[in-house]
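Here's a quick briefing on a protein model with a ligand. Have a look at the structure first, then we'll go through it topic by topic.

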Amino acid sequence: LAQVKLVLVGFMGAGKSTAGRRAAEALGVGFADADELIEARIGEPIASFFESRGEPAFREVEEAVVCEVLDRPDPMVVALGGGALGSEAVAAEIRRHVAVWLEVDDDAAWERARESARPLARDRDAFAGLHAERLPLYESAARARVPSTAGPRGVDRALRSAMALARPEVPQTVRMLWADIGDGYPVFVGSGALRAAGALWPQPGRCFVVADEMAQALHGEMLLDALADHVEVAGTVTVSPGERHKSLSEAERVLRELARAGMQRSDALAAFGGGVVGDLAGFCAATYQRGVPVVQVPTTVVAQVDSAYGGKTGVDLPEAKNYVGAFHQPVAVLTDPGLLTTLPDMELQAGFAEVIKTGLLAGGRLWDRVRALPPLGQALRGDIEVVARLVEGCAHAKLSVVARDERESGVRACLNLGHTFGHALEAAEGYEAHRHGEAVALGLLVALRLSELEAGLDESVRFEVLELLERHGLPRSFEGPGTDELLAAAALDKKRRGSRQNFVLLAEPGEPVIGAEVPRQELVAAIEEIRA
Ligand SMILES: NC(=O)c1ccc[n+]([C@@H]2O[C@H](COP(=O)([O-])OP(=O)(O)OC[C@H]3O[C@@H](n4cnc5c(N)ncnc54)[C@H](O)[C@@H]3O)[C@@H](O)[C@H]2O)c1
C-alpha cells in the first residue's frame, strides 16, 4: 500500500466500517473509522452533537479529522461517513488515495440506517433525496465501485482487486467496477488500462493470447510489453477479422493450436479483440480442458460497452447466429477506451447502436450522457475521458443487469432490446449486408414503434433515437428481404419461446418490459415503416 490508503466511501448503511475492518485485517494494516475518530474528538455521540450544534459544526470537525487521517504517513484502510465527500478539502485529499465506493441502493440503506441513531435517517423521503444527491459525489471521487450486494466474501475480494489501482504503473484514469456475477471479478476501465495490463493482471501462471489480427497488428505489442514483466506470455493465436470466423471450425483451429502450444489448465487465456474474438476465445476458454480462465481485453465499441461483460460466449452455425456456446465468466476484463481511436468510422458508428440500446435500458444519467455525445470519432479526438466515462457507464449498466440474472431466465433478456428484429435481418441477409450494430439500430426502431403501441412509450423517444442514429451515421431504414422472410428468420431466433414471438419493449427510458407478445400485424407494420 505504501502511503496510499484504501478509503471506503458511500452512503450510510452500505457496510463501510465492517468491510473496512476486515480489509485492514486481511492486508495487515491499520484501520480508521472516521465516525469513531470524530466521536473521540468531540467527546460525545455524533447524534447528540448534531442535535445541539447543528450539521455545519459537525461537518467542520469531520473535515478536520478526515484530512488529518488521510495525511498520516502509514498505509491503512479508512471508512468515511456518508457525507464526508461534501467537503472540497476531503474530495481533493482523497485523490492521492484509492477511494472505493461501496454502493447500496436506497431501500437497503434505509432498512439498515433507520435502526440506528443516525440523525439523517429519520424521514424516508428526505433520506431518498439525500441518497440521490450524493451519488454523483461518490461517483466522481471513487476509483472503484463495489455493490454491497456482493456480500462479505465478494466485497473482500473486490477490495483486494481494487488494491491493484494503487500500483504506480496504473494511471489515475483507470477505474474498477466489481462484477457481482458468479465468484465476482474486476472490470478495469480507463484510458491507459492496456499499458497497465501487467499490473492489473489477475492470474498467476502463464498466459496465451487469442487476438483479432487487426487488434494485434495495431496494439498487440503494447499488450505484450505490458504483460512481459508480470506474466509469461507463452503463445499467441491470431484470428482473421469477420463474423464468418466466429465458427466451430475456427474454434477447433484455435483449440488445436493451444493444445500444440502446450496450454495447461493452470494457464489463462486473453481474448484480445472485438465481439467476434471475445465470443470465440471465450468459447475456447470455456471448453479447453473443460474450462480455463479467460481475461477479456476488448478492443471495439461493441466489445467495450457490451460483449466483454457477462460471460456469454459462443460461435455461429450456418443455420443461425450464436447457436452454440457456453456461459463462461471472465476472471477479469481490461477495457482501454484509447484503443477505440484506431477503429474506422464505420465500426465506431455501428458500435454506437449498442450504446444507444444500453442508454435506453438504463435511463437516467447514462441516457443523458448518450444523448449529449457528439459523433464518436469526434468525441475520441476531443476529450477521451468523456468517452471513457460513457464506456464505464455502459459496462456498469450491463453488469448490474447480469448480476441479477446470470443465465437469462428473466431480466437479462432486456439486453435483447432491438435484437429480435436485428438478428432476423442479419440472418435473412446471410450476415452480409448490414453490420451487427446497423441491424440493431434498425431493430431499435422496430422495438420502439412496438413499444408505443404496446407499452405506452412516448413517441418523442423514437424521434430522439432517429436523430441520434442520424448523428452517429447509423441507418434509419433498410432495403432488402421481404417481411415474410424476416418473420421466418425471427422465428429461428433462439430467444423465442415456443411458437410465440417475444419482444423486449420499453415503457420509458430505464423501464424495459420483457416477454411482451406482439400481434403479428403490428410487427409487420413496424417493419414496413422503416422499409426504404
Ligand atoms: N457475448 C455477448 O454478450 C455479445 C454481445 C453483443 C455482441 N456480441 C457479438 O459481438 C460480435 C460483434 O462484435 P464487434 O462489433 O466488436 O465486431 P468484430 O469483433 O468483428 O470487430 C470489428 C472489426 O474491428 C476490427 N478491430 C478490432 N479492434 C480494433 C481496433 N482497436 N482498431 C481497429 N480495428 C479493430 C476487427 O478486425 C474487425 O474487423 C458479434 O458476433 C456479436 O454476436 C456478443
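The second largest pocket holds about 1200 Å³ of space. Keep in mind that this is a predicted model, where local features need pLDDT of at least 70, side-chain atom pairs count only at pLDDT 80 or more, and totals for chains, interfaces and linings use all residues. Residues are numbered from 1 along each chain as its sequence is written, and side-chain values use heavy atoms, with hydrogens and water left out.

**The second largest pocket**
- A pocket here is an open set of points on a 1 Å grid over the protein atoms alone, where a 1.4 Å probe fits, with protein on both sides within 12 Å along at least five of seven lines; lining residues have an atom within 4 Å of a point.
- Its lining has 39 residues, and Glu 103, Arg 145, His 396, Ala 397 and Ser 400 sit closest to the centre.
- Helix α17 is the top contributor to that lining, with nine residues.
- Others that give at least two residues each include β4 (98-103), α7 (124-141) and α14 (345-362).
- By type, the lining splits into 19 nonpolar, ten polar and ten charged residues.

**The ligand**
- There are 24 residues around the ligand, with Glu 243, Gly 275, Thr 299, Thr 300 and Thr 342 the closest; to count, a residue needs a heavy atom within 4 Å.
- Ligand oxygen atoms lie 2.8 Å from a side-chain N or O atom of Asp 212, 2.9 Å from a polar side-chain atom of Lys 246 and 3.3 Å from a side-chain N or O atom of Lys 398.
- On its own the ligand has 870 Å² of accessible area (Shrake-Rupley, 1.4 Å probe), and the protein covers 89% of that.
- Two or more residues of the shell come from each of α10 (213-228), α12 (275-287) and α13 (301-307).
- That shell counts seven nonpolar, eight polar and nine charged residues.

- Strands β15 (residues 502-508) and β16 (residues 511-517) pair antiparallel over five bridges; pairing takes at least two DSSP bridges.
- Glu 508 faces Glu 511 in β16.
- Two residues separate the strands of this hairpin, and Gly 510 in the turn has a positive phi of about 95 degrees.

Notes:
Grid points are joined across faces, edges and corners, and a volume is the space filled by probe spheres set on the points. Helices (H or I, at least four residues) and strands (E, at least two) are DSSP runs, numbered from the N terminus. Ala, Val, Leu, Ile, Met, Phe, Trp, Tyr, Cys and Pro count as nonpolar, Asp, Glu, Lys and Arg as charged, and the others, Gly among them, as polar. A polar contact is a pair of N or O atoms within 3.5 Å; within protein, one must be able to donate a hydrogen and the other to accept it, and residues adjacent in sequence count only if both atoms are side-chain atoms.
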